[in-house]
Amino acid sequence: MKKRIFYIAFFIGAFVMAQSPIKMEVDTTNIRIGEQIEYKLTVDNTETVVFPKLEMDSLKKVEVVEDLPVDTTKTKFIKKYLLTSFDSGSYVIPQQEVLINAKNFKTDSLLIAVSTVKVDTLKQKLFPIKAVKNQPIIFDDYALYVWIGLAILLLIIAIVLYVVLRKKKEEIPLEERIPPYQLAMQRLGELDAKELLKQDKIKLYYIELTDIIRSFIERELKIPALESTTDELIEMILDFKSMDKLDLPKETIKNLQKLLQEADLVKFAKFKPMAIEVEGHRSQTEHIINNLRPEEVEVTENVTNETINTPQNKQATKKKWSKKKIIIISVVGFLFVVLTVVGVLMFKGYKYAQENIIGYQTKELLKNDWSLSTYGSPTVTLESPEILKSNLLEVPARAKEMINQIAQFDYTSIIGGLQISVTTMDFTEKVTEYNLESGVQGALSAMQSQGVEFISSDQESMQIDGEEGVKLISQYSMVNPVTNKPEFYQLRGAVFGDINGSRTIVVTYKDGDASGEEIANRVINSVKL
């Protein structure tokens, strides 16, 4: 009796030990040529599972039609394959190895039968051979031409943008490149060299003399002297002086008025001054210009070959060119995003683009099957509508003595305006104390460094699995780089930390999005440490 009990216990123990954690299923083991079999492997939810690249029968008569992606539920990992065969007979699909938590487990082998389609050639009418049909047009047939066309289009747009928005050199007249005082002195010298008085061209001499002083006043004092009569010009100068915009001695204004009025008599009343009066007017002109010039005038030896750039001009040019740069960068960035999305849609399909780039609306995410996953070190376990993607960050050189590693896991939905992020830091033994408040401020400062402006921020104490933490409830704004307008978001987060490491969980969503708020609360409330 004891021996029988021993054997029963032995066989029960052997059965329990031999029971595999993998469940293999097929929808049928009998097919006709060309039909498909759904081959399914199911593993209970665990930390890591690596499904195999399916090994077929030794005769290579069974083919893999499609290797479907892993389907993850709350409790299971499910991997499906679609198989088929185009040769009749019986074939054995050998055992498949699945890696579970770094251990190999094998499935059972499977026998499938493939039968032919029986055709009664006596009853079945024979038809003539059909003509060759053209294959349907698919994108791959013209993919190269499409990409070349898009590249050419992008090049044309870039050239047009460069031509339209490039910084053009504006041709500045030579006289405008010379400082007003130096130009006036230069023109007086040229007037003397013409010797118009010796040629009895007194009227022409006074026309040029008054033009020199009026041009100087217009450029130096910013008064429209060339287009004004003598009385209008003197009246404007007096007005500016009364408003304390000009600091000119009354004697200089009086001498200027007298000079212009006597010059008007020569130009318009055929008055002919004496030689000594002409010399006096010439000297008086130079004297007035010297009195009107600014205190400091920079004289350039080769001023005719250099452009005079005032700080105002430089600033205006800089602002103008900055706007052009912003336009160019925005347009090029927009085109790059459009081309990337179009390329992904063409080659990978809409579903791939939605899962990996575009994302889902928050209402859709709320209805999806959520996954319970563990991330980072120290570990954080939480529920999320999509599994977060990992990103191992480089530890800054100045912090390597205190931090072993920084890991970040996130999911972003562009069209949903939702982001879920988990950041963990594993500390070294040199960390002897941890300030939770500093950890919270560090998380908020990291967001502010990316252009976030907090409108309001509240903190609450919370406790999970015996660990003290801080719950964050904030509202912030961030400028959209495309529209250049602020957009408003809500933030829900939690920060935990001790001398072993820290954990930061952050969920952000668009302000006023009820589904986004429900997702954020569900994620935060599901956190386990």
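Tyr181, Ala184, Met185, Leu188 and Asp192 in helix α4 meet Arg282, Thr285, Glu286, Ile289 and Asn290 in helix α8, where contact means heavy atoms within 4.5 Å. This is a predicted model, in which local features need pLDDT of at least 70 and side-chain atom pairs count only at pLDDT 80 or more, while totals for chains, interfaces and linings use all residues. Residues are numbered from 1 along each chain as its sequence is written, and side-chain values use heavy atoms, with hydrogens and water left out. Helices (H or I, at least four residues) are DSSP runs numbered from the N terminus.

**Helix α4 with helix α8**

- Helix α4 (residues 180-194) packs with helix α8 (residues 275-292) at an angle of about 170 degrees, their axes lying 11 Å apart.
- That makes α4 roughly antiparallel to α8, a term for angles over 145 degrees.
- Axes are lines fitted to C-alpha atoms, for helices over the stretch in contact, and angles run from 0 to 180 degrees between N-to-C directions.
- The contact of α4 with α8 has 5 nonpolar, 2 polar and 3 charged residues; Ala, Val, Leu, Ile, Met, Phe, Trp, Tyr, Cys and Pro count as nonpolar, Asp, Glu, Lys and Arg as charged, and the others, Gly among them, as polar.

**Helix α4 with helix α5**

- The axes of α4 and helix α5 (residues 202-221) come within 9 Å and cross at roughly 175 degrees.
- α4 and α5 are therefore roughly antiparallel to each other.
- Residues of α4 in this contact include Pro180, Leu183 and Arg187, and those of α5 include Ile212, Ser215, Phe216 and Arg219.
- By class, the contact of α4 with α5 has 10 nonpolar, 1 polar and 7 charged residues.

**Cavities**

- The whole structure has 2 cavities of 30 Å³ or more; a cavity is a set of points on a 1 Å grid over the protein atoms alone where a 1.4 Å probe fits but cannot get out, and lining residues have an atom within 4 Å of a point.
- The largest cavity holds about 60 Å³ of space, volume being the space filled by probe spheres set on the points.
- Its lining consists of Pro180, Leu183, Ala184, Arg187, Ile212, Ser215, Phe216 and Arg219, and α4 and α5 are the elements that give two or more residues to it.
- The lining of the largest cavity has 5 nonpolar, 1 polar and 2 charged residues.
- The second largest cavity, with a volume of about 30 Å³, is lined by Ile237, Leu248, Thr252, Ile253, Leu256 and Leu292.
- Helix α7 (residues 250-268) gives the largest share of the lining of the second largest cavity, 3 residues.
- That lining divides into 5 nonpolar, 1 polar and no charged residues.

How values were computed. Angles under 35 degrees count as roughly parallel, over 145 as roughly antiparallel, 65 to 115 as roughly perpendicular and the rest as oblique. On a 1 Å grid over the protein atoms alone, a cavity is a set of points where a 1.4 Å probe fits but cannot get out, and a pocket is an open set with protein on both sides within 12 Å along at least five of seven lines; lining residues have an atom within 4 Å of a point.
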